[in-house]
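Take a guided walk through this model. Keep the sequence and the 3D view side by side as you read.

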Amino acid sequence: MDSLIWRLTLVGLALVLVPWVLYPAAVFLLAWMARRRPAPPRPADAALPRLTCVVATRDDPATVRERVADFLAQDYPADRLDVVVALDASVAGELAAALRFDDPRVTVVAGDAPGGKCPALNAAVRAARGELLLFSDARQRFDPQVARRLAGALLADRRLGIVSGRLLLPADEASSIFRLYSRYELALRDAEARLHSAVGVSGSIYAMWRELWTPLRAGLILDDVFVPMRLALDGRRVGFVADAHAHETRRVGAGQEFRRKVRTLTGNYQLCAWLPGILLPWRNPIWVQFVCHKLLRLVLPWGVLLVALGGALLAWRLAGARAPWLAAAALAGAGWLWIGRDALARRLRGIAVQFASMQAAAALAMVHGVRGRWDVWRS
């Protein structure tokens with residue numbers, strides 16, 4: 001019995017440590033050992049290709065106008081910069097009349113049926129005139145150099161098919177687990193890109209060659225992972241430009257963050273179903289990264305559960321006659337964490353709630369993935 005408990009505990013530890021400790025440590029070490037590629041030189045205006053900024057949206061007209069103004073304020077030759085706004089088909093009729101722009105560089109199109117982000121992106125790319133496409137969502141704002149820096153990275157290394165920048169969260173989220181996770185994720189993506197390719201891009205800031213775009217299926221959840229992974233399968237690299245910054249303007253509540261996490265994790269299951277080549281090590285040049293960065297994270301709740309149960313059983317058996325006292329101490333600690341009003345209890349309780357929420361999101365995403373339920377935009 002003890003042997004079985006130890007084995008289950010070790011399996012749980014492996015499921016936790018490999019994706020969150022061992023793999024990141026290996027990637028950071030290898031990236032540190034690798035020669036850092038010099039930053040691409042600032043491209044001269046004459047070398048810059050025509051670039052189309054793309055946003056697919058169902059947001060209100062004021063938000064969309066602010067997004068377009070931010071695009072047009074980029075430090076990029078005005079005669080080689082244009083914008084396409086694709087309105088979700090479900091709201092295009094009511095928004096189109098309110099979104100008329102005097103600037104001829106701005107085009108507004110209706111997204112394809114049946115609606116959703118990916119059909120809108122397909123319509124936007126068809127209307128695009130640029131050799132390069134720069135994608136963002138409606139509620140982010142760019143530093144003025146973003147377009148030039150992303151274009152410069154693609155021009156400097158033609159092995160790159162797509163490059164992403166860094167999304168910065170509002171300063172008042174500095175204490176949240178979500179912000180810490182975001183910083184960690186960006187650092188990991190940077191290190192992965194230095195070795196070969198990042199596993200995905202940020203949907204709020206990425207650029208790619210238009211010739212590499214292929215229409216996306218309606219209902220696709222993670223276009224910002226599907227597109228770069230498809231390009232990786234085709235032999236292209238996925239880059240990361242650390243000094244290209246987008247700024248998030250939204251404050252996301254706990255409920256919204258839970259729903260977002262369920263969607264993104266469900267999207268990883270969908271990705272495996274709709275792009276199965278990524279599961280084959282002889283097809284996917286970043287197979288190890290994909291498995292450790294994406295797939296093993298999906299089973300984290302079960303690893304945590306095995307560690308918790310195995311650790312509790314081992315502690316009980318090792319405690320012997322003192323086991324009841326150990327259990328009483330554990331219950332007292334849990335009670336203090338649950339109802340304590342001091343600052344430490346509140347802080348630890350907040351961290352515990354956020355951690356539990358992340359595990360619940362992963363478990364619910366697994367249910368969606370097993371059932372093949374991809375319509376999770378409002379779940």
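The buried residues of helix H4 are Cys118, Pro119, Ala120, Leu121, Asn122, Ala123, Ala124 and Val125. Buried means under 20% relative accessible area, exposed means over 50%, and partly exposed lies in between (1.4 Å probe, protein chains only). Helices (H or I, at least four residues) and strands (E, at least two) are DSSP runs, numbered from the N terminus.

A word on the source. This is a predicted model, where local features need pLDDT of at least 70, side-chain atom pairs count only at pLDDT 80 or more, and totals for chains, interfaces and linings use all residues. Residues are numbered from 1 along each chain as its sequence is written, and side-chain values use heavy atoms, with hydrogens and water left out.

Now find strand E2, residues 81-87. Of its 7 residues, 7 are buried. Leu81, Val83, Val85 and Leu87 point one way from E2. Asp82, Val84 and Ala86 point the other way.

Which strands pair with E2? Strand E1 (residues 51-57) runs parallel to E2, joined by 7 bridges. Two strands pair if DSSP finds at least two bridges between them. Thr57 has Leu87 of E2 as its bridge partner. Strand E3 (residues 106-110) also pairs with E2 in the parallel sense, over 5 bridges. There, Val84 stands opposite Thr107 of E3.

E1, H2 and E2 make a right-handed β-α-β unit. Right-handed means that, with the strands pointing away from the viewer, the path from the first strand over the helix to the second runs clockwise.

Stop at Asp82, in strand E2. Is Asp82 buried or exposed? Asp82 is buried, with a relative accessible area of 0%. Leaving aside neighbours within four places in sequence, Asp82 is in contact (heavy atoms within 4.5 Å) with Arg50, Leu51, Thr52, Cys53, Arg105, Arg129 and Gly130.

Finish with helix H8 (residues 254-274), which holds Arg260. Arg260 is partly exposed, at 26% relative accessible area. Arg260 and Ala361 are 101 residues apart in sequence, yet 8.9 Å apart in space, C-alpha to C-alpha.
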